[in-house]
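Me: I would like to go through this structure slowly and ask what stands behind the words used for it. Please set each value against its definition.

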Amino acid sequence: MAGKLAISQALFFSSVILALLTKTDAGGIAIYWGQNGNEGTLAETCATGNYDFVNIAFLPTFGNGQTPIINLAGHCDPYTNGCTGLSSDIKSCQAKGVKVILSIGGGAGSYYLTSSEDARQVATYLWNNFLGGTSSSRPFGDAVLDGIDFDIEGGTNQHWDDLARYLSGYSKKGKKVYLTAAPQCPFPDAWVGGALKTGLFDYVWVQFYNNPPCQYSSGDISNLESAWKQWISDIPATKIFLGLPAAPAAAGSGFIPVDDLTSEVLPAIKGSSKYGGVMLWSKYYDDQTGYSSSIKSHV
């Protein structure tokens with residue numbers, strides 16, 4: 001009897017260890033939410049249980065002395081202070097263990113940094129209005145976001161490293177400020193390539209779409225795989241994610257069918273200790289295809 005007990009205990013502990021190892025190696029899914037009023041609420045997005053990170057998109061206007069303004073498409077009107085209701089949604093997400101991050105920049109906007117001092121002022125604004133600081137005009141109310149995502153696709157490539165350093169410095173004030181970025185897959189990224197070299201970024205979700213030289217194309221993973229290897233070897237980030245469109249209509253090119261992703265692409269890249277998971281653009285398109293639900297157990 002004692003022998004059986006010892007064996008069952010050994011089996012139990014080995015299964016616990018296996019579960020822990022599996023959990024450690026498993027990737028997560030990051031999603032962009034905010035650019036389509038028909039994609040459900042932020043709270044509903046987190047309630048799916050599919051996502052580990054939600055990037056609120058976007059803060060497309062900032063820098064060079066401009067008054068920063070968020071744009072959440074049809075979700076709420078920032079001009080009438082109409083987005084403060086998101087506070088309870090953000091807290092609901094965080095209570096489920098989902099990190100909620102503000103994405104600055106985007107494909108269309110008016111943003112650039114003119115100097116290190118300009119970067120410092122933007123960092124101060126972000127800290128006081130979205131992170132752990134205080135302001136009388138916090139767009140999302142009193143909720144404290146988990147970090148800032150650099151989705152820089154225009155303007156100039158100057159001073160993003162300064163912004164990263166200033167934001168990172170706020171982690172010393174208590175709650176860690178996560179820094180993430182969404183560079184294009186051609187290496188190095190034209191906009192934030194220099195900033196990524198600082199080693200201050202926790203998660204980098206590389207856009208492997210709308211970039212034919214380094215994306216997947218029907219049955220051929222060689223371009224994607226070689227670009228992936230360069231990203232994981234040359235960028236000092238905690239984790240690198242494979243950024244993909246959640247539907248063919250979500251991007252001009254680069255969509256990977258679920259079967260191809262799970263049977264060819266993920267097995268080729270998951271071996272890296274820097275593999276973090278998959279980033280999807282966007283919640284609206286994911287709703288159309290169910291992409292995240294289809295890939296979740298494989299990520």
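Me: Which residue stands opposite Ala181 in β7?

Reply: Phe150 stands opposite Ala181 in β7. The model is a predicted one, in which local features need pLDDT of at least 70, side-chain atom pairs count only at pLDDT 80 or more, and totals for chains, interfaces and linings use all residues. Residues are numbered from 1 along each chain as its sequence is written, and side-chain values use heavy atoms, with hydrogens and water left out.

Me: What makes β6 and β7 a pair of strands?

Reply: Two strands (E runs of at least two residues in DSSP, numbered from the N terminus) pair if DSSP finds at least two bridges between them. Four bridges join β6, residues 147–152, to β7, and the two run parallel, so they count as a pair by that definition.

Me: Why is Cys185 called buried?

Reply: Buried means under 20% relative accessible area, with exposed over 50% and partly exposed in between, for a 1.4 Å probe and protein chains only. Cys185 has a relative accessible area of 1%, so it is buried, and Cys214, at 5% relative accessibility, also counts as buried.

Me: How do you know that a disulfide joins Cys185 to Cys214?

Reply: A disulfide is a pair of cysteine sulfur atoms within 2.5 Å, and for Cys185 and Cys214 the S to S distance is 2.0 Å.

Me: Why is the disulfide of Cys185 and Cys214 called right-handed?

Reply: The torsion about the S-S bond of Cys185 and Cys214 is about 80 degrees, so this disulfide is right-handed.
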